[in-house]
Amino acid sequence: MDDRTSLIELRGIGEKTQKLFQKLDIDTVGDLVRHYPRAYEEYGEPLLIQQAKPGTVCAIRACVTGIPNLRRIKGLSILNISVRDASGGMLLTYYNMPYMKSILKSGGFYIFRGLVQAKGKAKVMEQPRLFSLTDYADRMRCIQPKYALTKGLTNQVLQKAVRQALSAYEFEEEYYPKWILGNYGLIPYREALCSIHFPQDVPALQKGHRRLAFDEFFQFLLVLRQNKGKLSSLPNAYPMRDASWADRFLESLSFSLTGAQRRVWEEIRQDLSGPRCMNRLIQGDVGSGKTIIAVLALLTCVQNGFQGALMAPTEVLAAQHFETIVRYTKQYGLPFRPVLLVGSLGAKERREAYRRLEDGDANLAIGTHAVIQEKVSFHSLALVVTDEQHRFGVRQRERLADKGGTPHVLVMSATPIPRTLAIILYGDLNLSVIDELPADRHPIKNCVVDASYRPKAYEFIARQVAAGRQAYVICPMVEEGEMDGVENVAEYAEKLRLALPDSIRVASLHGRMRPQDKNRIMEEFASGSIQVLVSTTVVEVGINVPNATVMMVENAERFGLAQLHQLRGRVGRGAHQSYCIFLSAIQNKETMERLEILNHSNDGFQIASEDLRLRGPGDLFGVRQSGEFSFRIGDIYADASLLGQASEAVERLLEEDPALEAPANALLRRHLERIASVGVDFRSI
Ligand code: ADP
Ligand code: MG
């Protein structure tokens with residue numbers, strides 16, 4: 001079996017299961033072995049009930065006392081069971097699992113594992129997982145992987161399939177030259193892959209993580225370095241010498257640029273009129289005002305008779321940019337003739353947009369990178385701006401350069417990383433930093449609270465809405481039942497509707513919705529006809545609704561701080577005071593301390609590094625800063641030093657053997673060709 005083998009070849013996987021795997025983008029055995037666990041669980045020794053702390057997940061070994069009590073309320077069945085051990089008693093509750101009543105024998109001993117909660121003086125567990133004593137002893141022996149799942153596919157089925165795939169997968173011969181393995185302490189790929197799925201212990205897991213993250217960084221940086229050579233020597237094929245429209249536009253704009261914005265705009269202007277093709281990254285924290293810089297560059301582009309493109313990672317964001325530019329065009333009489341290009345466009349409109357770009361009738365394409373890159377041919381494309389770059393890869397950038405000559409490229413990112421890291425990760429780009437926020441902003445008020453604060457938070461939202469404002473509520477994921485206690489968007493919106501006054505319109509938004517529906521909801525939220533938006537992190541990237549003043553995040557402990565900071569950046573974008581409410585279901589000291597960082601800082605760079613310092617490097621059980629640079633396994637914060645090492649290895653390798661022609665590098669070269677051909681891990685590259 002290899003990377004291309006279909007899943008159906010595995011025992012126990014029929015067409016139905018295959019379809020479920022497809023929902024997770026797993027089509028082949030290769031995809032499956034690279035579906036790394038999302039988290040791990042250690043099954044510790046069962047605790048005495050007295051030791052079980054509310055707010056923590058643990059196991060207890062207890063005896064069922066009395067007769068389980070089964071009630072039905074409005075179609076919901078509730079089963080209450082009292083258990084006890086030598087130290088005390090606990091109440092267990094199961095919802096819609098009436099059959100547990102016959103499984104649990106009065107007087108029998110079992111192991112229950114779940115989140116301990118306090119109800120008054122009593123301790124309770126809801127929906128604890130049940131184990132026999134021997135089953136539990138088995139699990140205690142090794143660390144359990146937890147996978148990203150989809151409805152109908154359990155963690156157990158996934159574990160079994162991965163085990164089978166790993167034993168049948170044909171591994172390549174070691175491809176790194178000896179000095180790389182030795183200098184950076186890398187274990188063989190096979191061992192790393194087995195350890196990442198089924199680690200014997202924490203050190204084994206760390207070693208596996210190290211090898212796989214190194215691989216990912218190394219491959220990414222190698223492509224980046226090879227591109228750099230190509231890009232930095234390109235001449236300026238589209239010189240833009242006249243920027244008088246931009247000057248006039250700035251004079252009539254209702255605000256004036258910050259010093260940092262002005263500096264960055266000047267750098268771009270120099271690039272556009274200079275001798276070389278521009279390849280520049282603007283890095284600026286959320287709300288620092290990157291969009292206006294893009295508008296100035298695009299305006300200069302069309303003024304000089306060329307076409308520009310503005311690409312965003314999501315349809316919602318693309319549509320928002322389109323509206324902004326249309327508004328500016330009308331208000332200030334700008335020479336833009338923009339078209340919107342997104343997947344949900346009807347066939348006829350789309351053909352029309354293509355035609356207008358091809359014959360030059362339109363001079364600006366705004367859309368998602370997928371649509372613009374794949375389908376459009378331009379009349380005279382001279383500038384490409386990509387917003388929120390971390391969702392765009394190096395290879396995509398390369399492909400873009402193939403579109404009609406060599407346009408200038410401007411990349412905008414809010415990923416908070418220190419300069420040293422930025423230089424590695426964006427090695428092929430020149431760097432401009434906007435390190436100043438517009439002066440009119442009120443600092444956002446933050447609070448970190450536990451779940452008991454929820455009713456108060458709802459009241460607060462209701463009051464803000466009554467005052468004409470809007471609110472976001474973020475839940476971690478869409479699928480049901482993936483994690484106990486994790487709020488689910490659709491259900492949550494339902495509950496919230498009941499809790500808020502009827503006059504408030506609540507809608508939900510998540511990544512699995514059809515793009516048309518997402519756009520519609522976002523538009524209604526932007527126009528104010530929806531007041532409360534319950535969402536997954538799809539709103540994380542770039543959305544600008546200045547009237548929204550509340551950001552409430554459920555299960556905040558599940559997010560990386562950098563990501564929470566991005567979410568917070570969705571509010572505080574207008575003249576009204578804004579608020580963030582981070583709700584944490586887990587109240588241990590470490591979690592609260594981590595979240596408290598957000599209270600004390602508004603600086604994305606600082607937040608990410610503090611988070612890293614608190615968690616310590618290589619914290620594999622910690623929260624990934626997902627959303628940033630979609631590496632599958634490497635985390636640019638937690639693995640920052642490994643990233644530096646991979647960069648060093650790439651430098652040395654290319655210095656010694658730029659085209660990888662030496663016999664010692666033959667296997668590496670073959671490996672790189674192979675992964676390029678099967679598309680391995682190129683989601684991140
Ligand atoms: P981001 O950098 O997160 O992409 P945006 O470009 O969306 O931020 O800007 C956020 C808001 O700030 C927008 O409403 C924008 O019009 C406004 N803005 C941008 N620059 C300034 C400025 N210099 N002064 C006041 N408001 C500004
Ligand atoms: Mg933005």
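In this predicted model, a salt bridge joins the side chains of Glu-126 and Lys-119, with 3.9 Å from N to O. The two partners can be looked at one after the other. Lys-119 has a relative accessibility of 53%, and because exposed means over 50%, Lys-119 counts as exposed. Glu-126, with a relative accessible area of 28%, is partly exposed, since that class lies between the 20% limit for buried residues and the 50% limit for exposed ones.

The pair is one of 23 salt bridges that the structure holds. Another among them links the side chains of Arg-497 and Glu-494, where the distance from N to O is 3.0 Å.

From these side-chain pairs the reader can turn to the ligand. Ligand 1 sits in the second largest pocket, and there are 16 residues around it, of which Gly-287, Lys-290, Thr-291, Arg-441 and Arg-573 come nearest.

Several individual atom pairs show how ligand 1 and the protein meet. One nitrogen atom of ligand 1 lies 2.9 Å from an N or O atom in the side chain of Gln-261, while a polar backbone atom of Ser-256 is found 3.0 Å from a nitrogen atom of the ligand. An oxygen atom of ligand 1 also takes part, at 3.4 Å from a backbone N or O atom of Ser-288. As for the surface of the ligand, ligand 1 on its own has 570 Å² of accessible area, and the protein covers 87% of that area.

Methods:
Residues are numbered from 1 along each chain as its sequence is written. Chains are lettered from A and ligands numbered from 1 in the order in which they are written. This is a predicted model: local features need pLDDT of at least 70, side-chain atom pairs count only at pLDDT 80 or more; totals for chains, interfaces and linings use all residues. Side-chain values use heavy atoms; hydrogens and water are left out. A residue is near a molecule or strand if one of its heavy atoms lies within 4 Å of it. A polar contact is a pair of N or O atoms within 3.5 Å; within protein, one must be able to donate a hydrogen and the other to accept it, and residues adjacent in sequence count only if both atoms are side-chain atoms. Accessible areas come from the Shrake-Rupley method with a 1.4 Å probe; for residues, only the protein chains shown count as cover. On a 1 Å grid over the protein atoms alone, a cavity is a set of points where a 1.4 Å probe fits but cannot get out, and a pocket is an open set with protein on both sides within 12 Å along at least five of seven lines; lining residues have an atom within 4 Å of a point. A molecule sits in a cavity or pocket if more than half of its atoms lie within 2 Å of its grid points. A salt bridge is a side-chain nitrogen of Lys or Arg within 4 Å of a carboxyl oxygen of Asp or Glu. Buried means under 20% relative accessible area, exposed over 50%, partly exposed in between (1.4 Å probe, protein chains only).
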